[in-house]
Amino acid sequence: MADVTISLIGNGPIMVEGPVTLLDADDNPIELEEGKAFFLCRCGQSSEKPFCDGTHKVCGYLSANIASIPNASSAGSEG
Ligand code: FES
């Protein structure tokens, strides 16, 4: 199975690296450049949605990028 990496960019988009299929709201595939990472907008201001167009840099978007760590007492208790 091929590896896919999804990274939250600080105060910016979501970077996706690896072979994936990206579908629009009607389940139509969105054409992607093979072997090239792409960036999904998460500030909501891009004019090229779902892709980032750099607008996050001027719209004041701030993100929280630190993953929460499961509570040690409940980790692994689901099964
Ligand atoms: S995250 Fe870059 S334009 Fe929205």
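Student: Which pattern does the protein follow when it is read along the sequence?
Tutor: This is a predicted model, in which local features need pLDDT of at least 70 and side-chain atom pairs count only at pLDDT 80 or more, while totals for chains, interfaces and linings use all residues. Residues are numbered from 1 along each chain as its sequence is written. Helices (DSSP runs of H or I, at least four residues) and strands (DSSP runs of E, at least two) are numbered from the N terminus, and the protein has zero helices and three strands. Read along the sequence, the pattern is therefore β-β-β.

Student: Why is one side of strand 1 and of strand 3 left without a neighbour in the sheet?
Tutor: Two strands count as paired if DSSP finds at least two bridges between them, and here the three strands form an open sheet in the order 1-2-3 with antiparallel pairing. Strand 1 (5-8) and strand 3 (38-40) each have a single partner strand, so one side of each lacks a neighbour, because both stand at the edges.

Student: What is the average twist from one strand to the next?
Tutor: The angle is taken between N-to-C directions of axes, which are lines fitted to C-alpha atoms, and it runs from 0 to 180 degrees. From one strand to the next, the twist averages 25 degrees.

Student: Which residue is the bridge partner of T5 in strand 2?
Tutor: Strand 1 and strand 2 (residues 14-17) run antiparallel and are joined by four bridges. Within this pairing S7 stands opposite M15, and the bridge partner of T5 is E17.

Student: Is N11 exposed, partly exposed or buried?
Tutor: N11 is found in the loop between strand 1 and strand 2, a hairpin with five residues between the strands, and N11 has a positive phi of about 55 degrees although it is not a glycine. A residue is buried if 20 or more other C-beta atoms, placed from the backbone, lie within 10 Å of its own, exposed if 12 or fewer, and partly exposed in between. N11 has 14 C-beta neighbours inside 10 Å, and therefore counts as partly exposed.

Student: How many C-beta neighbours inside 10 Å does D27 have?
Tutor: D27 lies in the loop between strand 2 and strand 3, and D27 too has a positive phi, of about 65 degrees, although it is not a glycine. D27 counts as exposed because its number of C-beta neighbours inside 10 Å is 6.

Student: Which residue does a cis peptide bond join to K49?
Tutor: The bond has an omega of about 10 degrees.
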